[in-house]
Amino acid sequence: MSDERRRTVGVRDVATLAGVSRQTVSRVLNDHPEVAESTRERVVAAMDELGYRMNNAARALGTRRSRTLGVLASDALQYGPSRSIAALEASARRAGYWVSAAFADAGDAEAVAAAVDHLVAQGVEGVVVVAPHARTLEVLDELRIGVPVVTLHSADRGARGLSVDQAAGARLAVAALADAGHTRIAHLAGPADWLEAESRAEGFAAELAARGLAAGPVIAGDWSAGSGYAAVDPVRAAAVTAVFAANDQMALGLLGGLHEAGLSVPGDISVVGFDDIPDAAFYWPKLTTVRQDFDELARRAVAAVIGGAEAVAPDLSPVAPVLVRRDSVAPPR
């Protein structure tokens, strides 16, 4: 490859090929409104032909805008947080932004504060906090961050919190079981220190009460399939005909354990999960579950931090969940 081909393509090269000034190329790069559409198209075509890549650091120096959003997360291995981070990155990219992520143990206040400082020091224009734990929010309340902040998976905690309506999703799950004729329903709950687990448990109890059904037993889980498998004996001891599992992985473990115990689903016990992970449609039986719209959640979060200083209020209303009916629910025998 020649030296000419190896050297970095710059704004001057784009301007020469497009037949415009360097100032015009700069205006196109910075989304300046006073650029004719035909000129913008010519500049973009020249960038594509030359393989020009934007230098965000250089643009930030000239515009005081980094076009970067910060994401602070913990428990990123769990399905909800990991799916949310991926959706945030995609939504930010569609809006012309990049994402810089930092991870911190939710139980370590100093680590959370240091992660926030790290993101702000990079010049991020806003921060989205994937905050499934109450203790993360408590740390954030003590910080002066200086840029717009939105929290995800924070239920109804905080003025700028966004989440799928967890309680409503739990009520959809219980309603599906009750509508099938079940009156003795157990809840396989998520960890007590997760806000979403708390909200799902509250929705479970609320729907039973609204239907005049007796409060169902609550069995502690930890989101893992293993804890679902371990719940088989408590489920059998409770003499219930249906179980609402707070996530699909626990439902998977429960299905396997029930099968080993000689019980059929949904013949002997009906099961509903939560999340609609990609594998749920391939469980045996195919799992009835509650779907969360992580893409819509991310879209609202990105819009909220980008437009944090605008007069138009961001849409922080809960995102509605959807029940996905499959094969794991049937009337009790």
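Which residues does V218 touch, not counting residues up to four places away in sequence? V218 touches H187, A189 and F204, where contact means heavy atoms within 4.5 Å. This is a predicted model, in which local features need pLDDT of at least 70 and side-chain atom pairs count only at pLDDT 80 or more, while totals for chains, interfaces and linings use all residues. Residues are numbered from 1 along each chain as its sequence is written, and side-chain values use heavy atoms, with hydrogens and water left out.

**The whole chain**
- The protein chain has 14 helices and eleven strands; helices (H or I, at least four residues) and strands (E, at least two) are DSSP runs, numbered from the N terminus.
- Of its 333 residues, 47% count as buried; buried means under 20% relative accessible area, exposed over 50%, and partly exposed in between (1.4 Å probe, protein chains only).
- Take the contacts in the protein chain with a separation of 6 or more: residues 24 or more positions apart account for 70% of them.

**A sheet of four strands**
- Here is an open sheet with the strand order β7-β6-β8-β9 and parallel pairing; two strands pair if DSSP finds at least two bridges between them.
- Each of β7 (218–220) and β9 (270–272) has a single partner strand and stands at an edge, so one side of each is left without a neighbour in the sheet.
- From one strand to the next, the twist averages 20 degrees; angles run from 0 to 180 degrees between N-to-C directions, and axes are lines fitted to C-alpha atoms, for helices over the stretch in contact.
- Parallel strands β6 and β8 (residues 242–245) are joined by four bridges, and I185 has A242 in β8 as its bridge partner.
- Helix α10 (residues 195–210) packs on the sheet and touches β6, β7 and β8, with its direction at about 170 degrees to that of β6.
- Helix α13 (residues 248–260) lies across β6, β8 and β9 and runs at about 165 degrees to β9.

- V218 has its place in strand β7 and is exposed, with a relative accessible area of 54%.
- The C-alpha atoms of V218 and A245 are separated by 10.0 Å, and these residues are 27 apart along the chain.
- H182 sits in the loop between α9 (166–179) and β6 (185–189), and H182 is buried, with a relative accessible area of 2%.
- The side chains of H182 and S270 make a polar contact (3.2 Å); a polar contact is a pair of N or O atoms within 3.5 Å, where within protein one must be able to donate a hydrogen and the other to accept it, and residues adjacent in sequence count only if both atoms are side-chain atoms.
- Leaving aside neighbours within four places in sequence, H182 is in contact with L177, L213, T241, A242, S270, A330, P331 and P332.

**Elsewhere in the chain**
- Strands β1 (residues 68–73) and β2 (residues 98–103) run parallel and are joined by six bridges, with L69 opposite V99 in β2.
- The path from β1 to β2 goes through helix α6 (residues 79–94), and this β-α-β crossover is right-handed: with the strands pointing away from the viewer, the path from the first strand over the helix to the second runs clockwise.
- The axes of helix α3 (residues 22–29) and helix α4 (residues 37–50) come within 10 Å and cross at roughly 90 degrees.
- Helices α3 and α4 are therefore roughly perpendicular to each other, a label for angles of 65 to 115 degrees, with under 35 degrees counting as roughly parallel, over 145 as roughly antiparallel and the rest as oblique.
- Where these helices meet, T24, V25, V28 and L29 in α3 face T39, R40, V43, V44 and M47 in α4.
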